[in-house]
Amino acid sequence: MATVTLENVHKAYGEVKIIKGVDLHIDDRDFCVFVGPSGCGKSTLLRMIAGLEEITSGDLLIDGKRSNDIPPAERGLAMVFQSYALYPHMTVRDNMAFALRLAGVSRQERYGKVDAAAKVLQLDKLLDRKPKELSGGQRQRVAIGRAIVRQPKVFLFDEPLSNLDAALRVQMRIELARLHDVLNATMIYVTHDQIEAMTLADKIVVLQAGVIEQAGSPLELYHHPRNLFVAGFIGSPKMNFLDATVSAAAGDGATVTLPGGGRVTVPVQPGHVKVGDKVTLGVRPEHLVPSAEGEIRGEVQVVERLGGETFLYTQVDGGPSIVVQADGESPVRTHERVAVKLNAATCHLFDSAGLAIERAQRHPLADMRRPTTTRMAS
Ligand code: ADP
Ligand code: MG
């Protein structure tokens, strides 16, 4: 299969700069996911890799070979879009075989490849149907099948599940993970759905306004976000942010004073902050625990009961509104006063420029790689 490398890649339309110097290496057989807010340049970056957009400056290397000027059809890539655009008058079999027919592949070989792909995608019983006789999820599988039969070095997906309803998205997401395992292919996947990003990716690339804010494994981004943007983007519901002031800085970390006067000592590396510094404390809803002796106090304004868990939207005394994830059995009600306990090991600190202050220790799962046993098999 293939590696993909971007070196100082820029894209401009006239004066308007869209991609502003992207450096990225994607390993062979990695599942790499581009995430970021709408308009940040995800599709543009993917289309430049595909050869559908010219690269204004910088280099694209596929398997180490500069590929900026190689025509799209010769790059060995296959792209799957949000709109599947199947030929309505053709059967599933002929839709999937179409690119091979254009390439002059014999009928027998074409149909052999289609049959194999259809098995992987569980489309084997639907090959004689027309697209209008398929559900949305089945159509999207045909679109993926069209890519598979070409045996590309790299699969490129641009929000392929966005048109599907929620239940189908979950099902297709799991199928995509399985497909990646079976095909042993390098995949680059654009989404704005961070659950898809967290669950599918070996490497997540968080983009904002044409620059990479951070690239790393899902749990690296979750446990060690580099800045406030990534911290707020990865995780759902979002990380809570509280203004805080450094009240002591010693070997075991930085002690900060929170709105309402509560204090917590966050285990960050020494030497990055001093007493009096204004910082931001970040803590995820799932790491907050309602308890009698909490460092944060406030009034609950909205209670969302999801059955398995309860979200408490809480107005902190002298501070912002935060979300606390309590368990499903929580008896707390709207307008009740609550105290919330912090676990220092799950708190994040950001300096006045919004950059994370490095933690004293790496999280044990942050550098974990997916097992390679099945991936090495073929
Ligand atoms: P994303 O996929 O992250 O939502 P896109 O890559 O589609 O974002 O677009 C990034 C930015 O580039 C947007 O601001 C968009 O308006 C702009 N853009 C995309 N295509 C063109 C074009 N052909 N001409 C000018 N601007 C464009
Ligand atoms: Mg897009």
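Residues 24 or more positions apart account for 65% of the contacts with a separation of 6 or more in the protein, a contact being heavy atoms within 4.5 Å. This is a predicted model, in which local features need pLDDT of at least 70 and side-chain atom pairs count only at pLDDT 80 or more, while totals for chains, interfaces and linings use all residues. Residues are numbered from 1 along each chain as its sequence is written, chains are lettered from A and ligands numbered from 1 in the order in which they are written, and side-chain values use heavy atoms, with hydrogens and water left out.

**Overall architecture**
- The protein has 9 helices and 20 strands; these are DSSP runs numbered from the N terminus, with helices being H or I of at least four residues and strands E of at least two.
- Along the principal axes, the C-alpha atoms fill a box of roughly 75 × 45 × 45 Å.
- Of the 378 residues in the protein, 49% are buried, meaning under 20% relative accessible area with a 1.4 Å probe and protein chains only.

**Helix 2 and its packing**
- Helix 2 spans residues 92-102, and its buried residues are Val92, Asn95, Met96, Ala97, Phe98 and Leu100.
- These buried residues pack against helix 3 (107-120) and helix 4 (136-148).
- On the helix 2 side, Val92, Asn95 and Met96 meet Val142, Gly145 and Arg146 of helix 4.
- The residues of this contact between helix 2 and helix 4 comprise 3 nonpolar, 2 polar and 1 charged, with Gly counted as polar.

**Proline 218**
- Proline 218 is located in helix 7 (residues 218-223) and is buried, with a relative accessible area of 10%.
- Beyond its neighbours within four places in sequence, proline 218 is in contact with Ala197, Met198, Ala201, Asp202 and Ile204.
- A distance of 7.0 Å separates the C-alpha atoms of proline 218 and aspartate 202, which are 16 residues apart along the chain.

**Ligand 1 surroundings**
- Ligand 1 is surrounded by Tyr13, Ile18, Pro37, Ser38, Gly39, Cys40, Gly41, Lys42, Ser43 and Thr44, each with a heavy atom within 4 Å of the ligand.
- An N or O atom in the side chain of tyrosine 13 is 3.4 Å from a nitrogen atom of ligand 1.
- An oxygen atom of ligand 1 lies 3.0 Å from a backbone N or O atom of glycine 41.
- A polar side-chain atom of threonine 44 lies 2.5 Å from an oxygen atom of ligand 1.

Terms used. Buried < 20%, exposed > 50% of the residue type's maximum accessible area, 1.4 Å probe, protein only. Polar contact = N/O pair within 3.5 Å; in protein donor to acceptor, adjacent residues only side chain to side chain.
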